[in-house]
Amino acid sequence: MLLLSLVVTLLQLGRGSCGLPFYNGFYYDHVMNDKGNGNGNGEVHFNGVKLVVETPEDAIFTYRGANITLPCRYHYEPTLQTPRKIRVKWSKLREDNTKERDVLVAIGLKHRSFGEFRGRVHLRQRGEQEASLVISDLRLQDYGKYRCEVIDGLEDESGIVELELRGVVFPYQPYHGRYRLNFHEAKKACEEQDAVIASFEQLFKSWEEGLDWCNAGWLLDGTVQYPISVPREPCGGKLAPGIRSYGERHKNLHYFDVFCFSSALKGKVYYLAHPEKLTLEEAKQACQDDGAELAKVGQLYAAWKFFSLDRCDAGWLADGSIRYPIAFPRPNCGPPEPGVRSFGFPDKGKFGVYCYKLN
């Protein structure tokens, strides 16, 4: 059904092109003639040509907001003397690596993009036999694996390109407290903090960099896990350091915290200089008066990670929490490790404020 859908889409793009048979997963040493007059037409003729698609083996790393090219080239073995008309399809694999979302389909200079990629993608065809995909203004949701599929009517071959965003993973729990989010609420909670729910790969990389957190949280694949760098009894026992896993949980019925992922910012986070401490509502107004808005948790973490934001003053954030970022640990500013410190969600009180302003 997937291949049939692709054929229909491509035919809509290139009406009038010949309707040659499509074969998936193999290469064929024959061509088919559409006349069957008993004089050789309709018979199989061998030509020994193989289509090869080349994509990089290593993942490509970049940041949110960047423009990136996913390389994809193809060639024939042996080289063709007469060029064939090529059709290209790019798709994005889902977390389970089976289902795919259409990104772009193209025939020659005609192309069509889909969904959240519409208007942000195009093919780079600087030379013959190139089908690289250019993605503009990368979003947090754009990371993952992409399939480059080349179809010439006789053959259909593909390669995979993995796109990774450099970013920061942070644990998050809402105002109501620990273990209050089902999977769907967890995804929404991350999005409200200018982040997305983290993948296992992102959590694992953060654990390798030293992340240690004893509360279990949802991940993108529907599992619940937590990273332990310093083993201790209340956190899974004194086993070896690693990622502790509860496995897959029911996405509607089970409740945990969540691990979110954020990347580079298009603006800046700053501590607002103000003559006095503020309530939450006063903090919102103060940021607005400065042409900004209250910073979100994901924005504060990104500013700490990528811009070494360091301030030993607790301040309001948009979710009603009080936090402060420490890039260079020192006495009277919390633990000896760098990180974003949290005072939780005070019901009342006056504090400083962290604002976010677009560049």
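**Charged side chains and their partners**

In this predicted model, aspartate 290 and lysine 357 join their side chains in a salt bridge, with 3.8 Å from N to O. Aspartate 290 sits in the loop between H4 and strand S19 (293-294), while lysine 357 belongs to strand S23 (residues 352-358), so the bridge ties together parts that lie 67 residues apart in sequence. Aspartate 290 is partly exposed, at 30% relative accessibility, and lysine 357 is also partly exposed, at 26%.

Salt bridges that share partners also join Arg73, Arg124 and Glu130 into one network. Glutamate 130 is buried, with a relative accessible area of 5%, whereas arginine 73 is partly exposed, with 38%.

A further salt bridge, of 3.4 Å from N to O, connects lysine 284 with glutamate 281. Both residues lie in helix H4 (residues 280-289), and because they are 3 residues apart, about one helical turn separates them. In total, the structure holds 17 salt bridges.

Lysine 92, in strand S5 (residues 87-93), presents another case. This residue is buried yet has no salt bridge, and the nearest side chain of opposite charge, that of aspartate 142, is 6.6 Å away. A polar atom of the lysine 92 side chain does, however, lie 2.9 Å from the backbone oxygen of tyrosine 143.

Key. Residues numbered from 1 in each chain as written. Predicted model: local features only at pLDDT ≥ 70, side-chain atom pairs only at ≥ 80, totals over all residues. Heavy atoms only, no water. Helix = DSSP H or I, 4+ residues; strand = E, 2+ residues; numbered from the N terminus. Buried < 20%, exposed > 50% of the residue type's maximum accessible area, 1.4 Å probe, protein only. Lys, Arg positive; Asp, Glu negative; His and termini not counted. Salt bridge = Lys/Arg side-chain N within 4 Å of Asp/Glu carboxyl O. Polar contact = N/O pair within 3.5 Å; in protein donor to acceptor, adjacent residues only side chain to side chain.
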